[in-house]
Amino acid sequence: MSADGPSAAGRASAEYRIEDLAHASGATVRTIRAYQDRGLLPTPERRGRANVYRDTHLARLRQIADLLDRGYTLASIKELLEAWDTGRGLGGVLGLVAEVHGPWTDERSDRLTRAELEAKFGGRPDDEAVAEALELGVLERIPGRDDEFLVPSPQELAVAVELYGAGVPLSAISGHLRELRSQVEQIASRFLEFTTEHVFARYLGHRPPTDADAAEAASMVRRLRPLAQQTVDAELARAMRTFATRHLEHHLSAEGPFTPPPVEPPPVPVALPARTISAVESLVGRKDTTSFIAAAAEREVQTRTLDALAPSRPKGAIVDQMG
């Protein structure tokens, strides 16, 4: 920050050299210059050979960093900021962004030490399992605390503890979670497509949306947020009841491990010569042509199957029996 004049706290607008701005914002000098080249930052005041930046530049850098953390690209951020600069407002959009990025569950994260984690899983150190949990996001590292972890979802960890206690290997639990996560992500994606098509499309006519539309969309996100989980909970309960009953009936009435019933492949259309169809029609009539062809095909399949199963005989064996 410039050393001339009163402190930043006592001035209407602080002034920064580019190095001071980088230090205050956490961005690098190179990044700030790149943002200037892209038009993401207002043009600084030129004094002699130096550029002078103000609090507006610092605030803009913090906005950009926040939007980047939320997954926005620099191109989309530029559109948002240009809308703000032309007076269309950014407050509603940022409120919508905050609502979407807010918690989608009432569950609160927790912390536990490495010793507490090992105690939950038999008391034996397992670096490979910890690495897998970190990769899956079941655990997160805490900067500066090598012996402590953040647990984003204590419920998810509790499920893993119960499964392990029931005899399921940790590798199997991790594999199951990976498969389940892929399927749940498909459900989430479909739910978002569905609600966007039928609910949120009306708010997305402008890029970015107006303040009023963004505020209304944020309110709608709050209303619809629990619906996805409620729907999945209800459908999962129904499916579990149905399939658990089938599994139990199978194991009580049959021996051997359960295998799901085979899924019959869909019928494949087969093109027949026109003269063949005409010959069948003249033989059995048009109404029974399809049934006759299907029955003939089924008989041919059965005949070939029996021929394949019958033991092969030397050609002379038939002659001997006839003689």
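Helices (H or I, at least four residues) and strands (E, at least two) are taken as DSSP runs, numbered from the N terminus. The structure is a predicted model, in which local features need pLDDT of at least 70, side-chain atom pairs count only at pLDDT 80 or more, and totals for chains, interfaces and linings use all residues. Residues are numbered from 1 along each chain as its sequence is written, and side-chain values use heavy atoms, with hydrogens and water left out.

The protein chain contains 13 helices and 6 strands. Of its 323 residues, 22% are buried, where buried means under 20% relative accessible area, exposed over 50% and partly exposed in between (1.4 Å probe, protein chains only).

Helix H3 (55–69) has 15 residues and reaches 21 Å from its first C-alpha to its last, close to the 21 Å expected at 1.5 Å a residue; the expected span is 1.5 Å times one less than the number of residues. His57, Leu58, Arg60, Leu61, Ile64 and Leu67 of H3 are buried. Gly71, with a positive phi near 100 degrees, follows H3.

A nonpolar core is a set of buried Ala, Val, Leu, Ile, Met, Phe, Trp, Tyr and Cys residues joined through side-chain atoms within 4.5 Å. In the largest such core, of 18 residues, Leu21 and Ile32 touch the most other members. At least two residues of this core come from each of H1 (18–25), H2 (29–38), H3 (55–69) and H4 (74–85), and H3 gives the most, with 4 residues. A second, separate core of 14 residues includes Val130, Leu136, Leu157 and Ala160.

Helix H9 (residues 170–198) has 29 residues, which should span 42 Å at 1.5 Å a residue; its end C-alpha atoms are 42 Å apart, in agreement with this value. Ile173, Ser174, Leu177 and Thr195 of H9 are buried, and their cover includes H7 (127–136), H8 (154–165) and H10 (211–253).

H7 and H9 pack at an angle of about 10 degrees, with their axes 10 Å apart. Axes are lines fitted to C-alpha atoms, for helices over the stretch in contact, and angles run from 0 to 180 degrees between N-to-C directions. The two helices are therefore roughly parallel (angles under 35 degrees; over 145 is roughly antiparallel, 65 to 115 roughly perpendicular and the rest oblique). In this contact (heavy atoms within 4.5 Å), Ala129, Glu132, Glu135 and Leu136 of H7 meet Leu170, Ser174, Leu177, Arg178 and Arg181 of H9.
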